[in-house]
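Here's a quick briefing to read alongside the sequence and the 3D view. Keep both open as you go through the points.

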Amino acid sequence: MGSDVSRESDPLDRILSVEIARVTERAAVAAAMLRGRGDERAADQAAVDAMRSELDGLAIDGTVVVGEGERDEAPMLFVGERVGRGGADVDLALDPLEGTTICAKSLPNALSVIAVAARGTLLVVPDVYMEKIAIGPGYADGVVALDRSPRDNLESLAAAKGVPVDRITACILDRPRHAQLIEEIRATGAAIRLIGDGDVAGVIHATDPEGTGIDIYMGIGGAPEGVLAAAAVRCTGGQIQGRLKLNTGEKRNRAEKLGLHDPERIYSLADMVRGDVIFAASGVTDGNLLDGVRFYSNRIETHSLVMDSRNGTLRDMRTRHLGSDVFGR
């Protein structure tokens, strides 16, 4: 895949995928120690602390552009925070624990995720909602679009796949705000897979329909998660569009401060990720995408995906971390 950053000056050339995987592995293990305990805040804080500690050891000069929130809301991994011990000049989009509620309840698809890209190539968004639509690779541009109705999108995708609409499955967050969307989709005959949380995983599922059975992701989730999902789509191939939900003056003002002046703008993949990117995700709980962390008396096992848009690689990594005190356990 192409990049807007020249290969000679590409900071990603100095970053090893195994180093990025180590960051999400450590955060996943920390969160997994608290899964099923019913304490969302504690699980999230454990993941944040672990990820920050691991990032500090990397040879990067990194800036968090998608993180835990604005500085006055997040004491660590806030937007604008600098991380690393110096080196490659990069921007980071991260979510130490995507799915705090599902981790606290030990439900499927909690992840730790991070994306690393050259400085200035990731869209910086406020922590608001974003309407999203995403499909996998192999389709002409414009097969689906946010400015069309759900029926039009599903019929267009079905025609492109050469199947009837009732063979299409859409992934949607199970939220009251999606009641009308769900009704419209079911009226077409398409199937729906509802997920309780974790729309980054939902988008990734849509990029591998043969493996997951999900053909399209639709609905409203977090804008920061939209940028993270776009980073994964950049690596796996496919299409994604996002539109910020700026339904109050306060939200529009926050967007304006980030240079986002058009509240109705639809952002394409190229808008959200303007160059090459490395994306990593580690499972916290078992899910369709990744297995959760496994604890044994003398080792910890993690399951991660590491993707690199520069060469189109996707590494499925199952790692044994040996020793009873691994990751400070």
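## Starting at Leu314

Leu314 is partly exposed, because its relative accessible area of 47% falls between the 20% cut-off for buried and the 50% cut-off for exposed. Keep in mind that this is a predicted model.

**Leu314 and its surroundings**

- Leu314 sits in strand β14, which covers residues 313-322.
- Setting aside neighbours within four places in sequence, Leu314 is in contact with Thr236, Leu305, Val306 and Met307.
- Leu314 and Ala140 are 174 residues apart along the chain, and their C-alpha atoms are separated by 23 Å.

**Two domains**

- The protein splits into domain 1 (14-121 + 277-322) and domain 2 (129-272).
- Their C-alpha centres lie 23 Å apart.
- On the contact between them, domain 1 puts in 24 residues and domain 2 puts in 19 residues.

**The nonpolar cores**

- The largest nonpolar core has 48 residues, and the members touching the most others are Tyr217, Ile240, Leu244, Met272 and Phe279.
- Helix α8 (residues 223-236) gives this core its largest share, nine residues.
- What does Phe279 touch, not counting residues up to four places away in sequence? Its contacts include Val113, Ile114 and Ala115, along with Val200, Ile204 and Leu228. Leu305, Val306 and Met307 are also among the residues that Phe279 touches.

**The six-stranded sheet**

- Six strands make up an open sheet with mixed pairing, in the order β7-β6-β8-β5-β9-β10.
- β7 and β10 (267-268) are at the edges with a single partner strand each, so one side of each has no neighbour in the sheet.
- β6 and β7 run parallel and are joined by five bridges. Thr169 has Ala191 in β7 as its bridge partner.
- Helix α5 packs on the sheet by touching β6, β7 and β8, and its direction makes about 150 degrees with that of β7.
- Helix α8 packs on the sheet too, touching β5 (129-135), β8 and β9 (239-244), with its direction at about 165 degrees to that of β9.

**Helix α5, side by side**

- Which residues of α5 (residues 179-188) are buried? They are Leu181, Ile182, Ile185 and Thr188.
- These residues cover an arc of only 120 degrees around the axis, so they end up on the same side of α5.
- Turn to the other side of α5 and you find Gln180, Glu183, Arg186 and Ala187 exposed.
- The buried residues of α5 pack against α4 (150-161), β6 (169-173), β7 (191-195) and β8 (216-222).
- Just after α5 comes Gly189, with a positive phi of about 95 degrees.

**Strand β3 and its partners**

- Ten of the eleven residues of β3 (residues 88-98) are buried, so the rest of the structure largely encloses this strand.
- β3 pairs with β1 (residues 60-66) in the parallel sense over six bridges, and Thr63 stands opposite Asp91 in β3.
- β3 also joins β4 (residues 111-118) through seven bridges, running antiparallel. Here Glu98 has Leu111 in β4 as its bridge partner.

**A few residues to look up**

- Most residues other than glycine have a negative phi. Leu77 isn't a glycine, yet it has a positive phi of about 55 degrees.
- Leu77 is found in the loop between β1 and β2 (82-83). Leu77 counts as buried because its relative accessibility is 0%, with the cut-off at under 20%.
- Asn109 isn't a glycine either, and its phi is positive at about 80 degrees. Asn109 lies in the loop between α3 (100-104) and β4, and counts as buried at 10% relative accessibility.
- Is Arg254 buried or exposed? Arg254 is buried, with a relative accessible area of 17%.
- Arg254 lies in helix α9 (residues 249-257). Leaving aside neighbours within four places in sequence, Arg254 is in contact with Glu70, Pro126, Asp127 and Val128.

Notes. Residues numbered from 1 in each chain as written. Predicted model: local features only at pLDDT ≥ 70, side-chain atom pairs only at ≥ 80, totals over all residues. Heavy atoms only, no water. Core = buried A, V, L, I, M, F, W, Y, C linked by side-chain atoms within 4.5 Å. Buried < 20%, exposed > 50% of the residue type's maximum accessible area, 1.4 Å probe, protein only. Helix = DSSP H or I, 4+ residues; strand = E, 2+ residues; numbered from the N terminus. Contact = heavy atoms within 4.5 Å. Arc of directions from axis to C-beta. Pairing = 2+ DSSP bridges. Axes fitted to C-alpha atoms, helices over the stretch in contact; angles between N-to-C directions. Domains from an automatic or database assignment.
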